[in-house]
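Work through the exercises below with the sequence and coordinates at hand. Each task is followed by a solution in steps.

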Amino acid sequence: MRNSIRIGIILQTEGGWMGGVIYIQNLIKALAELPPETRSQIELYLLTSPRVDPNVYEEFKPLVNTVIVENFLGFSFLNRARWKLSRSLHWLKDSRLVSLANKKKLDFIYPIEGTASISWDFKCAWASWVPDFQYKYLPHLFSPKNLADRDRILGEMANLSKNMVFSSQVSANDFKKFCPESRAQIHILNFRTIPKPDWYIGNPELVQHKYKLPDRFFLVSNQFWRHKNHRFVIEALTILKQKNIYPVVACTGELYDHRYPEYSKEIFNLIHQEGLESQFITLGLIPRLDQIQLMRRSLAVIQPSLFEGWSTVVEDARSLGKMIILSNIGVHLEQNPPNAIFFASDRVEDLVEKIADSWHNFDPGVNFILETEAKELNYHQCQTYAQDFLKIVENSINPPTI
């Protein structure tokens, strides 16, 4: 008789959202670090598509029982055509994921996305994950078609999902507000960054020199999407320049926004227009380990985002004990990392003040006392994260009676 619980974890990277990739990576790593007596009771199956670069999951192949690569999990032309036809013919559903779950005798699948094209007729338990409700609060960043598609998907999940996972209480409250009729069980799962051992033994100064950065710099690690609010930082630097204060900000992250292909060009034009080429330095998408070493080397991290579901950047900084200057949006306040300096997201003068003060008073590099404390705390938080996920799995398989 099989006593272990078989869990299918879906990994997709298409659409350019690295936050979603890191979310799945951290989840698998957290589960792998559970005590042996607990880890032995679960079997992990990573479900992905051939369109996903194997390098994305190569490092944690040893952490799962099996990697299953299936064409139907990708956003290929043929799959998109099939799903489009399914939306027109409501009786035609793509049941390949259901068949795979049955074949592998999975007990739970996560995360399932809402779509009128895919069959929801699973014999096993499953849960949906909604990262955030950005499109509800910043609709001007989305096309009318995209807004309509997101509303449709949210409605499907609210009506059909028995279990909905949110990364923050803020997002869970938003779901209740926008989908008050949903009968889904709501779960809150605060994800954590799972550091590698070499994060703490790498040489930050070598990486700094590799990218030709000065000794003193702030770090912004966000994709160049409009809601990440890079413009606010540029505006702050412009004001500081007028005051004869010249901080340097290095930026890592993908420069292309598929929703606004011209956005990075607009940012570069603004940098040139304000003469900030030596102060606002864009490095693009760099290796994860390099990004972490730059974070350790920096004066502080700046997270100016206008919207998050639960910020990976904040969790990275928390795991390193790093100072962070971040916008006072609801989710950031809920995350509330140690060493946080909040600024009003609608007052650039407040960010100007916080950057100026930090520029004059912070030292670059690693504070080993704070980093050691953060490392120890991170271990316990990651254990809690993994255990909380298993509780969601267990409650989904055997829902509590009301």
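**Exercise 1.** Classify the lining of the second largest pocket by residue type, and find which element gives the most to that lining.

Solution. The lining divides into eleven nonpolar, four polar and two charged residues (Ala, Val, Leu, Ile, Met, Phe, Trp, Tyr, Cys and Pro count as nonpolar, Asp, Glu, Lys and Arg as charged, the others, Gly among them, as polar). The model is predicted: local features need pLDDT of at least 70 and side-chain atom pairs pLDDT 80 or more, while totals for chains, interfaces and linings use all residues. Numbering starts from 1 along each chain as its sequence is written, and side-chain values use heavy atoms, without hydrogens and water. Of the 17 lining residues, Lys162, Asn163, Asn395, Ser396 and Pro399 lie nearest the pocket centre. α16 gives the most to the lining, with three residues.

**Exercise 2.** Describe how α13 and α16 pack.

Solution. Take α13 (residues 312-320) and α16 (residues 368-397); their axes are 6 Å apart, at an angle of about 120°. The two helices are therefore oblique to each other (under 35 degrees is roughly parallel, over 145 roughly antiparallel, 65 to 115 roughly perpendicular, the rest oblique). Next, list the contacts (heavy atoms within 4.5 Å): Arg318, Ser319 and Leu320 of α13 meet Glu371, Ala374, Lys375, Asn378 and Gln381 of α16. These residues divide into two nonpolar, three polar and three charged.

**Exercise 3.** Why is the pair of Tyr23 and Trp129 classed as it is?

Solution. The structure holds 14 aromatic pairs (ring centres of Phe, Tyr or Trp, its six-membered ring, within 6.5 Å; planes under 30 degrees apart are stacked, over 60 edge-to-face, the rest tilted). For Tyr23 and Trp129 the centres are 3.8 Å apart and the planes at 5°, so the pair is stacked. Tyr23 is in α1 and Trp129 in β6, so the pair ties together parts 106 residues apart in sequence.

Conventions. Axes are lines fitted to C-alpha atoms, for helices over the stretch in contact, and angles run from 0 to 180 degrees between N-to-C directions. Helices (H or I, at least four residues) and strands (E, at least two) are DSSP runs, numbered from the N terminus. On a 1 Å grid over the protein atoms alone, a cavity is a set of points where a 1.4 Å probe fits but cannot get out, and a pocket is an open set with protein on both sides within 12 Å along at least five of seven lines; lining residues have an atom within 4 Å of a point.
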